[in-house]
Amino acid sequence: MPEADDAPVIVSSVPGSFARSVLAERHPALVQQVRDAFPWPPEQRRALDALLASCTEGVIEPLGPDAHDRDHWDAWGSEYVGRSWFDVPFLWSESYFYRRLLGATGYFAPGPWQGIDPFAPFKRAELLGSLVDDELAALDALARRPAGERAAACLQGSLWGNRADLGFAVGTPDGARSGSAVEDPPPLVADESDALWSLLPAERSPGAVRSVHVIADNAGRELIPDLVLIDHLLTTGRADEVVLHVKPYPYYVSDATTADVVDCARRLAQASGSAGEAGKRLWAAMGDGRLAVRAHAFYCAPFPYSEMPADLRHEFADAALTIVKGDLNYRRLVGDRLWSPTTSFAGRTAHFPGPVAALRTLKSDVIVGLDPRTVARLEEAGASGRAGDGANQAWRTSGTHALVQVRPQGVL
Ligand SMILES: O=P(O)(O)OC[C@H]1O[C@](O)(CO)[C@@H](O)[C@@H]1O
């Protein structure tokens with residue numbers, strides 16, 4: 001696989017590819033699930049049916065003339081209009097699919113369905129589920145452990161929370177996957193946790209305010225451990241303030257919006273024991289500005305982070321560290337291309353305006369920053385960890401593996 005900047009952009013037209021399966025199987029299944037999840041009026045049902053036909057057999061059509069963001073999407077990809085969804089960059093077609101799905105449900109248009117999150121029933125079921133109760137109760141035992149162990153556990157919880165996303169469950173044979181309560185996770189394929197902590201020492205002399213940014217991924221069982229990690233950073237003095245970046249509208253099924261942050265903070269604050277204490281601290285931190293939420297329009301744009309606008313660049317440049325969560329953010333961070341897995345992570349993230357860490361379980365073909373022995377071991381073992389199971393690339397997409405990769409500023 002190529003290492004140069006001209007590594008092939010991932011498209012969905014390659015038979016048997018992961019990207020093809022997302023468009024051919026996952027998107028139609030999702031349209032059906034959203035259609036069934038609400039008593040939509042006829043107009044929305046017709047629009048969802050039209051989207052289903054378009055994304056499976058049709059071509060990309062422009063947004064309607066009244067769409068508030070028509071100009072944006074014209075600028076972002078008018079050259080794709082009239083082409084098959086499968087033939088354009090995977091990152092673009094997925095992003096546009098979610099934009100169209102929300103358009104079909106009336107999310108953007110003035111009227112009674114405006115602002116209704118079509119994925120809310122799935123998010124709500126997860127947040128109210130007993131798995132969250134178990135994960136919150138586990139925080140009591142964590143509170144009794146030494147500081148170093150607590151830090152490591154908070155980081156692991158946030159990392160493996162990425163395995164619990166709902167979009168990933170759509171179309172999988174078992175319908176859902178285990179999440180942050182991973183019993184016995186395999187070793188990380190890259191573990192630069194020490195470098196991450198070294199950027200945020202707890203002991204330090206008084207000085208400038210230290211900001212940490214977290215680019216969130218999924219709500220629910222991922223965002224709760226993210227918030228626990230944020231609480232840990234704030235209470236241990238590793239961060240003076242945290243900025244949590246979320247999506248400006250529902251996206252990729254379970255991606256967190258501001259409403260989801262509030263729901264998760266409330267779920268924590270209403271829990272008993274250590275979880276409740278953390279929740280109340282987080283609630284207070286949001287109230288006094290030590291925990292701020294941002295929902296920049298760029299987070300739903302179909303582009304890599306190398307193309308982020310100047311105002312976001314400016315924010316990250318001043319951060320002690322930006323933690324980038326999840327698979328989609330990883331694709332946007334390093335570029336949605338078929339890189340050689342040994343391509344340098346520092347090189348691929350050199351565009352990022354400040355120290356950056358990726359916490360991600362592997363759910364797509366994009367991967368960089370591995371050492372050759374790890375690649376050989378993964379390709380030998382396939383997805384399951386059993387040698388010779390015949391699925392030697394599945395480790396990239398199965399969500400069973402995870403990584404912590406860090407680029408401290410200035411290391412290229
Ligand atoms: O929630 P995450 O970790 O960003 O994962 C979402 C992943 O799901 C997919 O969209 C497939 O549906 C991947 O392409 C994407 O990267």
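Visitor: How many residues of domain 1 are in contact with domain 2?

Guide: In this predicted model, 18 residues of domain 1 are in contact with 16 residues of domain 2.

Visitor: Which elements give two or more residues to that side of domain 1?

Guide: They are α1, α3 (70-77) and α4 (90-104). The largest share comes from α4, with 7 residues.

Visitor: What classes do the residues on that side of domain 1 divide into?

Guide: There are 12 nonpolar, 3 polar and 3 charged residues on the side of domain 1 that touches domain 2.

Visitor: Where does each domain run?

Guide: Domain 1 covers 18-117, and domain 2 covers 122-407. Their C-alpha centres lie 27 Å apart.

Visitor: You mentioned α1. How do α1 and α2 run, roughly parallel or roughly antiparallel?

Guide: Roughly antiparallel. Helix α1 spans residues 18-37 and helix α2 spans residues 42-57. Their axes come within 10 Å and cross at roughly 175 degrees. Angles over 145 count as roughly antiparallel, so that label applies to α1 and α2.

Visitor: Which residues meet there, in α1 and in α2?

Guide: From α1, look for Leu 23, His 27, Pro 28, Val 31, Val 34 and Arg 35. From α2, look for Arg 45, Leu 48, Leu 51, Leu 52, Cys 55 and Thr 56. By class, this contact of α1 with α2 has 8 nonpolar, 2 polar and 2 charged residues.

Visitor: New topic. How many residues are in the largest nonpolar core?

Guide: That core has 71 residues. Val 212, Ile 230, Val 242 and Ala 357 have the most contacts inside it. Helix α10 (residues 220-235) gives the largest share of this core, 8 residues.

Visitor: What about a second core, which residues does it include?

Guide: The second core is separate and has 33 residues. Among them are Ile 10, Val 34, Cys 55 and Val 88.

Visitor: Now loops. Where is Val 246 found?

Guide: Val 246 is in the loop between β3 and α11.

Visitor: Is Val 246 buried or exposed?

Guide: Buried. The cut-off is 20 or more other C-beta atoms within 10 Å, and Val 246 has 23 such neighbours, so it counts as buried.

Visitor: Which residues does Val 246 touch?

Guide: Its contacts are Ala 216, Ala 256, Thr 257, Thr 258, Val 261, Val 293 and Ala 295, not counting residues up to four places away in sequence. There is also a pairing across the sequence. Val 246 and His 296 are 50 residues apart in sequence, and their C-alpha atoms are 7.6 Å apart in space.

Visitor: What is the phi of Tyr 252?

Guide: Positive, at about 45 degrees, although Tyr 252 is not a glycine. Tyr 252 is found in the loop between β3 (241-245) and α11 (258-269). Tyr 252 is also buried, with 22 other C-beta atoms within 10 Å.

Visitor: And the phi of Val 253, positive or negative?

Guide: Positive, about 65 degrees, and Val 253 is not a glycine either. Val 253 is found in the loop between β3 and α11. Val 253 counts as buried, with 23 C-beta neighbours inside 10 Å.

How values were computed:
Residues numbered from 1 in each chain as written. Predicted model: local features only at pLDDT ≥ 70, side-chain atom pairs only at ≥ 80, totals over all residues. Axes fitted to C-alpha atoms, helices over the stretch in contact; angles between N-to-C directions. Helix = DSSP H or I, 4+ residues; strand = E, 2+ residues; numbered from the N terminus. Parallel < 35°, antiparallel > 145°, perpendicular 65-115°, else oblique. Contact = placed C-beta atoms within 7 Å. Nonpolar A, V, L, I, M, F, W, Y, C, P; charged D, E, K, R; others polar. Core = buried A, V, L, I, M, F, W, Y, C linked by C-beta atoms within 7 Å. Buried ≥ 20, exposed ≤ 12 C-beta atoms within 10 Å, placed from the backbone. Domains from an automatic or database assignment.
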